[in-house]
Amino acid sequence: MKILHTADWHLGKKLDRFSRLEEQIEVLEEIIGVADEKAVDLVLIAGDLFDNFNPSVEAIELFYKTLKRLTSHGKRPVIAISGNHDSPYLVDSPNSLARECGIILIGHPNTKVQPMNLEHFKITASAEGFFELQLKNQNFPVRIVHTPYASEMRLKEYFGENKEAELNRVLAENWAKNADDFCDEKGVNLLMAHLYMNKKGTPSLEEPEGEKPLKMGNADLIFSESIPTQIQYTALGHLHAFNNIGTAEKPVVYSSSPLCYSFSEAGQTKYVSMIEAEPNQPVSFQKIPLTKGKKLFRKTFDSVDQTVAWLSAHPGSLVEITLESETFLKAEERKQIYNAHDGIVHLIPKVKNQEFTENNLREINLGQEILPLFQDYFKSKNSGQEANEDLIKLFQEISNS
């Protein structure tokens with residue numbers, strides 16, 4: 001069978017004041033096209049469906065319309081779990097209606113998915129944190145062990161008070177029980193989860209800028225060694241770069257977000273993971289690149305002319321610019337930069353470091369006139385840099401008003 005794994009859609013996401021909704025419409029259209037072109041049997045969406053607990057009407061509408069199309073008129077099961085950006089109640093709320101369309105939504109840990117029997121597939125077994133699907137066009141079942149994101153409150157509710165010490169043990173025990181009870185060699189066995197997971201003894205994986213962190217020290221780090229041996233493929237969400245932290249024989253995969261959502265992701269190619277699986281055999285998978293969405297650039301320049309030239313050559317992108325100069329930017333220079341490009345998210349002026357110590361500055365005379373007092377104060381706070389003419393004029397306007 002063919003399985004498509006995607007995650008971290010973050011519908012409704014903004015980058016500062018810039019909405020990403022139009023880009024999300026385009027890239028989800030691309031994902032639907034991949035599912036149809038590859039004749040996918042099953043779709044897994046491993047959390048962070050939305051960017052916050054109260055997504056916009058437009059984001060919710062895009063989510064439901066996309067899932068409906070991914071099901072190919074109910075022929076293809078689509079399974080989505082909640083992530084740390086999602087309200088589990090919002091994810092769960094349309095489940096009764098969604099199930100009739102072939103969509104299974106799981107908001108809370110240890111959910112027991114109710115049995116169902118549709119024209120093209122049915123749920124043949126279910127337990128807390130597990131269910132089994134039988135597709136009409138397959139002669140073997142697919143088993144899914146699932147763990148949506150659990151907040152600290154939910155971890156205590158579902159897994160006990162001492163979650164810092166017990167989380168790995170409890171998850172391993174829950175996964176092992178479901179795997180031992182249901183995941184024999186006669187079906188395809190999968191795990192899907194929204195967690196911060198890594199191998200023991202390996203360097204930490206970097207969480208994206210702006211992402212709500214899951215790993216506080218090592219308290220919420222889940223070790224991939226906790227995954228039961230019966231599991232053939234683990235579909236993860238949370239980290240936005242494609243990464244297999246497992247092995248070629250037993251992949252444990254972050255599929256990546258569909259768009260670059262922060263400047264720490266600038267230059268990354270985004271993917272969906274395409275899996276081919278059969279019972280009692282190693283899976284094969286490939287990462288399929290996604291091409292839609294604006295490019296993100298994080299650039300540093302040392303002159304206004306150089307900045308403007310580069311911006312003019314890279315339209316249609318989103319940009320963070322750091323401009324290093326000898327003096328602070330003048331108003332006309334700032335205007336010139338912004339007129340060169342309509343996708344400047346951040347413009348960060350940075351005065352080049354100069355030799356300066358507190359001893360270079362005479363003692364500030366608090367009895368002097370207000371303007372020289374401001375100039376001395378500015379110089380003391382900016383490594384000896386003098387206030388430029390624009391700042392002095394602005395200060396004079398304010399002080400005289």
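User: What is the relative accessible area of Phe 285, and how do I read it?

Analyst: Start with the scale: under 20% relative accessible area is buried, over 50% is exposed, and partly exposed is in between, using a 1.4 Å probe and protein chains only. Phe 285 comes out at 26%, so partly exposed is its label. A word on the source: this is a predicted model, where local features need pLDDT of at least 70 and side-chain atom pairs count only at pLDDT 80 or more, while totals for chains, interfaces and linings use all residues. Residues are numbered from 1 along each chain as its sequence is written, and side-chain values use heavy atoms, with hydrogens and water left out.

User: How much of the chain do buried residues make up?

Analyst: They make up 52% of its 401 residues.

User: And how many helices and strands are there in the chain?

Analyst: Both are DSSP runs, numbered from the N terminus: helices are H or I with at least four residues, strands are E with at least two. On that basis the chain has ten helices and 20 strands.

User: Let's zoom in. Where is Ser 273 found?

Analyst: In strand β16, which covers residues 270-276. Ser 273 has 0% relative accessibility, so file it under buried.

User: Which residues is Ser 273 in contact with, leaving aside its neighbours within four places in sequence?

Analyst: A contact here means heavy atoms within 4.5 Å. With those neighbours set aside, the partners of Ser 273 include Ile 3, Leu 4, His 5, Tyr 233, Phe 242 and Phe 285. Tyr 233 also has a polar contact with Ser 273, side chain to side chain, at 2.9 Å. That term covers a pair of N or O atoms within 3.5 Å; within protein, one must be able to donate a hydrogen and the other to accept it, and residues adjacent in sequence count only if both atoms are side-chain atoms.

User: How many aromatic pairs does the count come to?

Analyst: The general idea: you describe a pair of aromatic rings by the distance of the centres and the angle of the planes. Rings of Phe, Tyr and Trp (its six-membered ring) pair if their centres lie within 6.5 Å; planes under 30 degrees apart are stacked, over 60 edge-to-face, and the rest tilted. That rule gives ten aromatic pairs. Tyr 233 and Phe 285 form an edge-to-face one, at 6.1 Å between centres and 65° between planes. This pair links distant parts of the chain, 52 residues apart: Tyr 233 belongs to strand β13 (residues 233-237) and Phe 285 to strand β17 (residues 284-290). Tyr 233 has 1% relative accessibility, so it counts as buried.

Phe 242 and Tyr 271 are edge-to-face too, because their centres are 5.5 Å apart and their planes at 70°. Phe 242 lies in the loop between β13 and β14 (243-244) and Tyr 271 in strand β16, so parts 29 residues apart in sequence are tied together. Phe 242 is buried at 17% relative accessible area, and Tyr 271 is buried at 15% relative accessibility.

User: What sits over the ring of Tyr 271?

Analyst: A charge sits over a ring if NZ of Lys or CZ of Arg is within 6 Å of the ring centre and within 35 degrees of the ring normal. For Tyr 271, the charged end of Lys 287 is there, 4.8 Å from the ring centre. Lys 200 does likewise over the ring of Phe 223, at 5.4 Å from its centre.

User: How many disulfides does a search of the whole structure find?

Analyst: A disulfide is a covalent bond between the sulfur atoms of two cysteines. The test is a pair of cysteine sulfur atoms within 2.5 Å, and the search of the whole structure turns up zero. As for cysteine accessibility, Cys 101 is partly exposed at 29%, while Cys 260 is buried at 9%.

User: Backbone next. What is phi of Asp 48 near?

Analyst: Most residues other than glycine have a negative phi. Asp 48 has a positive phi, near 55°. Its place is the loop between β4 (42-46) and α2 (57-70), and Asp 48 is buried at 0% relative accessible area. His 10 also has a positive phi, about 50°, without being a glycine. His 10 lies in the loop between β1 (2-6) and β2 (14-15) and is buried at 1%.
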